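I opened a notebook for this structure and wrote down each thing I looked up.

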Amino acid sequence: MTDYGLDDLYQQVVMDHGASPRNMRRVEGAQRTAHGFNPFCGDLVDVEVRLDGETIADLGFTGRGCAISRASASLMTETLRGKTEERARDVFSAFQGMITGAGNGSEEDAEELLGDLYCLAGVGAYPTRIKCAMLGWHTLMAALERRGDQGTVTTE
């Protein structure tokens, strides 16, 4: 895809998911939760997860933040519902590698693993926004690692 095409897609996705985030809601019967905060810009997010064994049966988020933060969390919830916790960790690593430029696989592998998330690769062009895009993801990883409230996840 050309840079112009990726930039255009990035803008469309951020605008769509930022204005109308999917799964921005509480999750009934959530077993895992975490609270996240980006002190750089003030974004706040709470992630709730309901598991069925090792599978993410449902997940959602609430909070306030910029369009990139909301769009990334929205796409995260759509991508990971129905996936195993292990697969969610793999997608997290690939997503983080993609937007920070620290990816260790081929572009084709990342695109296949990330699916629709690949359109957020444009975040990497704006280093100050990477923390915005990663907030929901770090918060989800914290929720999967623990039960109950054990403090706030930050992007610092």
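In which helix does Leu113 lie? I found Leu113 in helix H4, residues 107-114. I took helices (H or I, at least four residues) and strands (E, at least two) as DSSP runs, numbered from the N terminus.

Notes on the source. The model is predicted, so I kept to its rule that local features need pLDDT of at least 70 and side-chain atom pairs count only at pLDDT 80 or more, while totals for chains, interfaces and linings use all residues. Residues are numbered from 1 along each chain as its sequence is written, and side-chain values use heavy atoms, with hydrogens and water left out.

Entry on Leu113. I looked up its contacts, meaning heavy atoms within 4.5 Å. Not counting residues up to four places away in sequence, Leu113 touches Arg87, Asp90, Val91 and Ala94. Val91 is 22 residues from Leu113 in sequence, yet the two C-alpha atoms are 6.6 Å apart. Is Leu113 buried, exposed or partly exposed? I noted it as partly exposed, because its relative accessibility is 22%. The scale calls a residue buried under 20% relative accessible area, exposed over 50% and partly exposed in between, with a 1.4 Å probe and protein chains only.

Entry on H2. Helix H2 covers 67-80. I read 14 residues and a reach of 20 Å from first C-alpha to last, close to the 20 Å expected at 1.5 Å a residue; the expected span is 1.5 Å times one less than the number of residues. H2 is largely enclosed by the rest of the structure, because 11 of its 14 residues are buried. Among them are Ile68, Leu75, Met76 and Leu80. After H2 comes Gly82, with a positive phi near 90°.

Entry on Asn23. I found Asn23 in the loop between helix H1 (3-19) and strand E1 (32-38). Its phi is positive, near 60°, and it is not a glycine. Most residues other than glycine have a negative phi. Asn23 counts as buried because its relative accessibility is 15%.

Entry on the cavity. A cavity here is a set of points on a 1 Å grid over the protein atoms alone where a 1.4 Å probe fits but cannot get out; lining residues have an atom within 4 Å of a point. I counted 1 cavity of 30 Å³ or more. The largest cavity holds about 50 Å³, volume being the space filled by probe spheres set on the points, which are joined across faces, edges and corners. Its lining includes Met24, Phe61 and Ala73. Which element gives the most to that lining? I found E3, with 4 residues.

Terms used. On a 1 Å grid over the protein atoms alone, a cavity is a set of points where a 1.4 Å probe fits but cannot get out, and a pocket is an open set with protein on both sides within 12 Å along at least five of seven lines; lining residues have an atom within 4 Å of a point.
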